Amino acid sequence: MSVKDKIVLITGASQGIGRGIALRLAKDGANVALVDIKADKLEDVRKEVETLGAKATTFVTDVSKRDEVYAAIDHAEKELGGFDVIINNAGIAQVKPLADVQPEDLDRIFRINIDGVVWGIQAAAAKFKARGRKGKIINASSIAGHDGFAMLGVYSATKFAVRALTQAAAKEYASAGITVNAYCPGIVGTDMWVEIDERFSELTGAAKGSTYKKFVEGIALGRAQTPEDVAALVAFLSSDDSDYITGQAILTDGGIVYR
């Protein structure tokens, strides 16, 4: 399994799963373009990547803005000398009963979790075609893209949408040699889950940490997931070994949702 010398762009790369993906790909020999809205944290990840002997470049981008996503890919190609893979990892969570969801809630999470993936798919496919090269598009879905979760209804809807976009794009771009797949993490010990746990605590009165603990206890393999666990699957999907896989949304959750 090799990603050596591939140029990979990762959105949401400043922390959590995105950072884990960047470091794993760098260890495996890829050069990475780190994209996020948080400039200071991006620089920290860039330094970590470069200590592993890989090339890295950063680009501050709001993925909900189409022009900025296209610009990020142009930057990656120019600075790193090519473009082979995009990982549409950026996303946000939202914990709220459906009865309380407001228009602004829908607008914000849809713009980031859905619009951002659409722009990433569009921009990457256009660049692959312009370069006359095959390419890989990899999107972040979730276990919540396979099962809808209470209090996470709108978030679940966005991740179901990512699965649909992945399948549709796989069919549309197969003739150009572009594969499109998604990865579906479970309960990952990152800042996002700290936020989810805190929101559940506010809404239900549960003690802080108890919601996270309850979900982790439901994992068949008996532990919370790490960013490195997710990155292992993404590294495979980025490699030549996954060339005959497209349109799939692969669960990597330690045993929570079974398909």
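Colleague: Is Y155 buried or exposed?
Modeller: In this predicted model, the tyrosine at position 155 has a place in helix α5, and UniProt, in an unreviewed entry, lists Y155 under "active site". Its relative accessible area is 9%, and a residue counts as buried when that value is under 20%. By that cut-off, Y155 is buried.

Colleague: Leaving aside its neighbours within four places in sequence, which residues is Y155 in contact with?
Modeller: Neighbours within four places in sequence are set aside here, so that what remains are contacts with other parts of the chain, where contact means heavy atoms within 4.5 Å. With those neighbours left out, the residues in contact with Y155 are I92, A93, Q94, I109, N113, S142, A144 and M192.

Colleague: How many of the residues of strand β6 are buried?
Modeller: In a regular strand the side chains alternate between the two faces of the sheet, so each face is worth checking separately. On one side of β6 stand I178, V180, A182 and C184, on the other T179, N181, Y183 and P185, and all of them are buried. For the strand, which runs over residues 178-185, the count of buried residues is therefore 8 of 8.

Colleague: How far apart are the closest N and O atoms in the salt bridge of K127 with E77?
Modeller: Side chains of opposite charge can pair when their charged atoms come close. K127 lies in helix α4 (residues 103-131) and E77 in helix α3 (residues 66-80), so this pair ties together parts that are 50 residues apart in sequence. K127 is buried, with a relative accessible area of 14%, whereas E77, at 21%, counts as partly exposed. In this salt bridge the closest N and O atoms are apart by 2.8 Å.

Colleague: Which residues are linked with E77 in a network of salt bridges?
Modeller: E77 also forms a salt bridge with R131, the closest N and O atoms being 3.0 Å apart, and this pair links distant parts of the chain, E77 in helix α3 and R131 in helix α4, 54 residues apart. R131 counts as partly exposed, at 27% relative accessibility. The residues linked with E77 in the network are D74, K127 and R131.

Colleague: In which helix do R111 and D107 both lie?
Modeller: R111 forms a salt bridge with D107, and the closest N and O atoms are 3.1 Å apart. R111 is partly exposed, with a relative accessible area of 29%, and D107 is partly exposed as well, with 42%. The two are 4 residues apart, about one turn of the helix, and the helix that holds both is α4.

Colleague: How many salt bridges does a search of the whole structure find?
Modeller: The pairs discussed above include K127 with E77 and R111 with D107. When the whole structure is searched, the number of salt bridges found is 16.

How values were computed:
Residues are numbered from 1 along each chain as its sequence is written. This is a predicted model: local features need pLDDT of at least 70, side-chain atom pairs count only at pLDDT 80 or more; totals for chains, interfaces and linings use all residues. Side-chain values use heavy atoms; hydrogens and water are left out. Buried means under 20% relative accessible area, exposed over 50%, partly exposed in between (1.4 Å probe, protein chains only). A salt bridge is a side-chain nitrogen of Lys or Arg within 4 Å of a carboxyl oxygen of Asp or Glu. UniProt positions are given in the numbering used here, feature names are shortened, and annotations may be inferred rather than shown by experiment.
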